[in-house]
Amino acid sequence: MSGYAGVVVSDPWLHSQFTQVELRGIKSKFLSARNQSGKVTIGDLPPVMVKLKGLSEMFTEAQIKTILGESSSDMNAEIDFESFLRAYLNLLARGTAKLGGPKLKNSVSFLKTSTTTLRHTISESEKASYVSHINSFLGEDPFLKKYLPLDPSTNSLFDLAKDGVLLCKLINVAVPGTIDERAINTKGDLNPWERNENHTLCLNSAKAIGCTVVNIGAQDLVEARPHLVMGLISQIIKIQLLANLNLRKTPQLVELVDDSKDVEELLGLPPEKVLLKWMNFQLKKAGYKKEVTNFSSDLKDGEAYANLLNVLAPEHGSANTLDAKNPTERANLIIEHAEKMDCKRYVTPKDIVEGSANLNLAFVAQIFQQRNGLSVDTQKISFAEMMTDDAQTSREERCFRLWINSLGIDSYVNNVFEDIRAGWVLLEVLDKVSPGSVNWKQASKPPIKMPFRKVENCNQVIRIGKELNFSLVNVAGNDIVQGNKKLILAFLWQLMRFTMLRLLKNLRSHSRGKEITDNDILSWANNKVKSSGRTSRMDSFKDKNLSNGIFFLELLTAVEPRVVNWSVVTKGETDEDKKLNATYIISVARKLGCSIFLLPEDIMEVNQKMILTLTASIMYWSLLQKTRDSGSATIDENKVADGSPAASTDGEKDTMSAGRLSNLSIDDSLSDTAASPHVETGETSPPVENEEPSTEVEKDNPPDKE
């Protein structure tokens with residue numbers, strides 16, 4: 001296979017204004033404006049531009065036509081793609097001036113993520129801090145040690161990031177075991193395809209640990225765009241530093257609350273809020289009267305830091321810190337105190353005084369890791385452990401949480417059971433996967449003070465679920481409001497499964513127009529393996545023989561022969577060997593482009609739901625490759641993501657990335673798939689054969705209506 005170069009823009013500055021994901025979407029719109037002669041004129045642009053991100057909230061089609069007419073008297077003049085991009089930026093700039101900064105932020109969705117476009121300044125302090133972190137944690141890595149330590153005053157960080165190995169290794173530091181390093185391409189001189197594979201593995205793994213990568217593609221990382229690389233590294237390091245700020249990892253945190261109701265609230269807090277709560281808890285011990293509400297302005301004078309360190313490590317403290325006459329002098333003393341506690345210097349005195357939010361958060365998190373000052377009250381710890389979920393529930397909650405966050409909705413979910421109880425997040429997800437299904441005039445956005453508004457939101461969620469043919473027997477919105485975990489997990493599973501089947505249907509509909517069922521996915525996988533000359537098969541998605549992983553490795557080999565290195569595959573006879581295979585399967589699938597959120601344990605234990613998602617993801621990737629390679633149509637991944645029809649024109653073929661999320665896939669062997677009656681008649685897909693009870697949302701007793 002040849003390497004993928006992305007959408008190329010000759011003007012470096014213009015190229016830098018967009019990520020590859022954005023360029024693909026914009027070029028798709030540009031090509032759709034071509035007239036019968038195959039050209040695009042200025043007069044063809046208004047109906048296309050009004051649909052671009054941001055512009056629909058700023059201008060009408062007539063206004064865009066007027067603005068374009070100001071710069072050109074000939075509306076029949078041909079325009080090329082780069083001129084189209086400049087016109088787009090010009091309209092965005094004019095719209096910004098018209099709406100004002102704050103309104104623009106709410107209007108242009110891609111400006112809200114951590115991988116922001118049109119804002120490319122990077123903090124040298126942050127770069128130096130992240131370089132120090134990388135040097136410290138990866139300095140002894142067998143592959144990277146010949147390149148480390150990096151010099152923060154140069155661009156060596158971005159040069160090293162270009163082949164993808166550094167970012168993959170950094171993810172494994174943040175969440176050990178996320179990436180099977182046997183799947184990383186680490187030879188000395190990588191070709192474009194191998195670099196793309198590494199970055200695809202990186203991005204899909206980053207999503208699987210909770211990073212937001214909605215507006216960044218593999219090609220952006222191959223080009224090592226500084227603001228995108230820094231944004232991703234920042235998220236990875238933040239996840240590492242905040243990993244223990246939850247009751248499962250640090251049950252001593254229960255000391256921060258007084259009763260069980262407060263414990264439930266603590267479970268729903270994002271790690272940053274837990275860190276602030278811990279900091280204020282310790283500051284209260286020191287008699288510090290102010291409340292710290294952020295990691296920026298509230299820490300600039302250094303007084304909170306001085307009190308915090310004196311409480312946690314009084315043996316290293318000094319009265320001179322609080323007596324210092326100016327913030328810079330106090331900040332210097334704070335850093336000296338922290339170094340005596342063996343805390344890494346994520347901040348400099350200047351960063352404290354200037355209120356660098358990212359670096360202050362990293363610094364406080366490092367202090368927490370080193371010395372949290374919490375008690376070891378066994379009675380309270382036992383209570384905290386009782387409040388946490390069992391392993392199976394926790395794994396499913398994690399999977400659905402990461403999946404929701406990968407969709408690019410406005411809300412960010414930290415705890416599924418707490419964050420969706422108001423119904424708003426579920427409405428956002430439903431609107432994403434089934435556009436137009438939500439009546440937003442009847443929805444209430446958080447914060448919601450009136451309980452009945454939450455019930456109204458959740459009632460609409462249930463209504464839409466029934467319209468989508470979900471099984472929701474005796475279920476009402478109040479069950480979600482009350483946090484019924486079993487019903488919530490069952491609803492989310494049906495929502496995730498619906499989304500997968502919709503993606504497969506959209507991709508396949510341009511050649512057959514048939515529904516996709518669970519049995520289709522099962523038959524496709526078996527036929528694909530059989531057609532490659534292999535002998536293994538799966539009888540169902542809960543076939544215990546799948547636990548050794550061999551079937552999925554053969555399936556991955558069948559869809560892409562070069563992707564599995566069979567010399568590192570075990571026979572899967574022991575639990576240890578099964579785990580090695582399962583970890584490798586997940587990394588290889590992500591390396592191809594499958595966006596999956598299961599864990600090795602899900603394969604080892606043959607979790608029926610997760611096995612289905614894995615198989616469907618591989619199927620989607622394979623089918624998408626066939627669609628892309630056929631030249632008859634390609635896929636607009638932004639449309640695929642929201643469930644819209646996926647085909648686009650031949651001219652968009654060069655906009656596809658070989659390793660993107662949209663490269664999950666289904667394949668040519670669909671032609672070999674046994675024709676299911678459900679496929680032929682277009683009936684709604686049945687549940688998985690012998691589906692677990694929790695898949696269908698059902699209750700013996702109807703809920704009390706609020």
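Of the 16 residues of helix α22, 13 are buried (under 20% relative accessible area, with a 1.4 Å probe and protein chains only), so this helix is largely enclosed by the rest of the structure. The model is a predicted one, in which local features need pLDDT of at least 70 and side-chain atom pairs count only at pLDDT 80 or more, whereas totals for chains, interfaces and linings use all residues. Residues are numbered from 1 along each chain as its sequence is written, and side-chain values use heavy atoms, without hydrogens and water. Helix α22, which covers residues 391-406, reaches 22 Å from its first C-alpha to its last, close to the 22 Å expected at 1.5 Å a residue, and it is followed by Gly408, whose phi is positive, near 85°.

Two helix pairs were also examined. Helix α15 (residues 271-285) packs against helix α20 (residues 357-370) at an angle of about 65°, and their axes, which are lines fitted to C-alpha atoms over the stretch in contact, lie 11 Å apart. In their contact (heavy atoms within 4.5 Å), Glu272, Leu275, Trp278 and Met279 of α15 meet Leu361, Val364, Ala365, Ile367 and Phe368 of α20. These residues divide into 8 nonpolar, no polar and 1 charged.

For helix α29 (residues 550-559) and helix α30 (residues 575-592), the axes come within 9 Å and cross at roughly 25°, and the two helices are therefore roughly parallel to each other (an angle under 35 degrees). Their contact involves Ile550, Phe552, Leu553, Leu556 and Val559 of α29, together with Asn581, Tyr584, Ile585, Val588, Ala589 and Leu592 of α30, a set that divides into 10 nonpolar, 1 polar and no charged residues.

Key: Helices (H or I, at least four residues) and strands (E, at least two) are DSSP runs, numbered from the N terminus. The expected span of a helix is 1.5 Å times one less than its number of residues. Buried means under 20% relative accessible area, exposed over 50%, partly exposed in between (1.4 Å probe, protein chains only). Axes are lines fitted to C-alpha atoms, for helices over the stretch in contact, and angles run from 0 to 180 degrees between N-to-C directions. Ala, Val, Leu, Ile, Met, Phe, Trp, Tyr, Cys and Pro count as nonpolar, Asp, Glu, Lys and Arg as charged, and the others, Gly among them, as polar. Angles under 35 degrees count as roughly parallel, over 145 as roughly antiparallel, 65 to 115 as roughly perpendicular and the rest as oblique.
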